[in-house]
Amino acid sequence: MMQKEDDGARRDEAVHLRRQIGPVAAASLILGTVVGSGIFIAPKGVLLNSGSVGLSLVVWALCGLLSLFGALCYAELGTTFSKSGGHYTYLLETLGPLPAFLRLWAEFIFIRPAVASYVSLAFGRYVVEPFFAPCEAPTALIRLVSLLGVTFVVGVNCWSVAAAARTQVTLTFIKTFALVLIIVAGVVALTKGKTENFQKGFELEALTPERLPLAFYNGLYAYGGWFSLNMVTEEIINPNRTIPLAVICSMVTVTVLYVLVNVSYYTVMTPGELLASEAVAVTFANRALQAVSPVIPLLVALSCLGALNGGFLTAPRMLFVGAREGQWPHIFSMIHIHRRTPLPAVLFLYPLVVLMLLTEEIQHLISLASFARWFFIALATLGMLVHRHRFPQLPRPFKVPLVIAITFTSVCFFIVGLSLYSDPWNTGLSCVLTLTGVPVYYATVRRSRLPPRWRRLLNKCSRKIQILLQVAQQEVKTY
């Protein structure tokens, strides 16, 4: 008995990532990462590219269903493979090291910095613009506030996993309150007979086939983040139960909220007014929630901050696992000896996001990121099907129905393929940026061709950084 207690005490003192994320924190992580700036910005893009109110609502519902299918596929992957790292881990285990490295490369070269910068700018815009209305807010001040938001989130995630999880739960409750507030105002307007925008909801004259995929891209962007929980599998309490439960509860909740929020938007605003609005939620509040309209920009800003926090809580784990697998410098597989956070991986993302904040082409980069992200998601679920076929006897604590897995994978490849037709420039550029990782992989990972002098220099720098940051390799295997 004493021996077991001593072993447990030594394990608690050892340097490793703790399992601190329970069911509530897990569901909040998904819900809080999904509900960011998208639902307050994307309705404009969905309506513009779908061509009608009715079809836009169908797109929102189908995007929610598709995201739920994807989340269920990832629930199977997350309970089959006990490692953190999400997309990277699943590609590594099912399709091999090269696709996994390319996913890691694309994530930190342009996907994650672009997405985090976009969300942080939305945070800065909603904080600053109310103080300057009706004049235009200074761009430099918006970027400064955005930078402060990113710095706050990085600080919390460097300090403690538990603190980051508590922050996520708090911000999730705030953003859910904001959505419910919009829905209640819309329901009140519906009960008063404001249904004129739905009477000709399916006028399809403005619909063109090449623009419909862009409507889905805008909708799917708003649902982006349903895969976030799989990044932190090694830190989840009882993952075989928690992951499927959190995925189902959170994604059903998000889909219902999103559809009802859009119904509320169309109840109060005409399609033309929605398309003309630069901030849909603020325009809605000025018309339907005049008593609390000054608070709405703050709620939207906190919603963006929650999505940003969720991204910084999860994305560095992919880099952490990649370094542990030998596909990235080993310094990034270390954790702080006292805080038990993957400090180098979190800090690596910070300057990339700051640099992206300084560029004027963030919207352009979001288009690049959307294609690459969905292409690799499709590859991961294809890998799941291949792995099922190759290892049918492998225990799978949660198994998604085959029809859902095939449907999701097929739709993902269809949307990605159709984007080659509807937006060939951004799609092609995204492919080129991703494929730049191939020579890097063969030069540094598959068979290192770095000169000995360079390797000695890198090792020396790693040791200096390790001492400076007070980080070390994990002493306990957590998968």
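**Aromatic contacts in the predicted model**

Trp-226 and Phe-408 are both buried (under 20% relative accessible area, with exposed over 50% and partly exposed in between; 1.4 Å probe, protein chains only). The model is predicted, with local features requiring pLDDT of at least 70 and side-chain atom pairs pLDDT 80 or more, while totals for chains, interfaces and linings use all residues. Residues are numbered from 1 along each chain as its sequence is written, and side-chain values use heavy atoms, with hydrogens and water left out.

The structure holds 21 aromatic pairs (rings of Phe, Tyr and Trp, the last by its six-membered ring, with centres within 6.5 Å; planes under 30 degrees apart are stacked, over 60 edge-to-face, the rest tilted). Among them, Trp-226 and Phe-408 form an edge-to-face pair at 5.9 Å centre to centre, with 85° between the planes. This pair links distant parts of the chain, 182 residues apart: Trp-226 lies in the loop between α9 (212–222) and α10 (239–268), and Phe-408 in helix α16 (residues 402–422). Helices (H or I, at least four residues) and strands (E, at least two) are DSSP runs, numbered from the N terminus.

Trp-328 and Phe-348 also form an edge-to-face pair, at 6.2 Å centre to centre and 80° between the planes. Trp-328 is in the loop between α13 (296–324) and β1 (335–336) and Phe-348 is in helix α14 (residues 343–357), so the pair ties together parts 20 residues apart in sequence. Trp-328 counts as buried because its relative accessibility is 13%; Phe-348, at 24%, counts as partly exposed.
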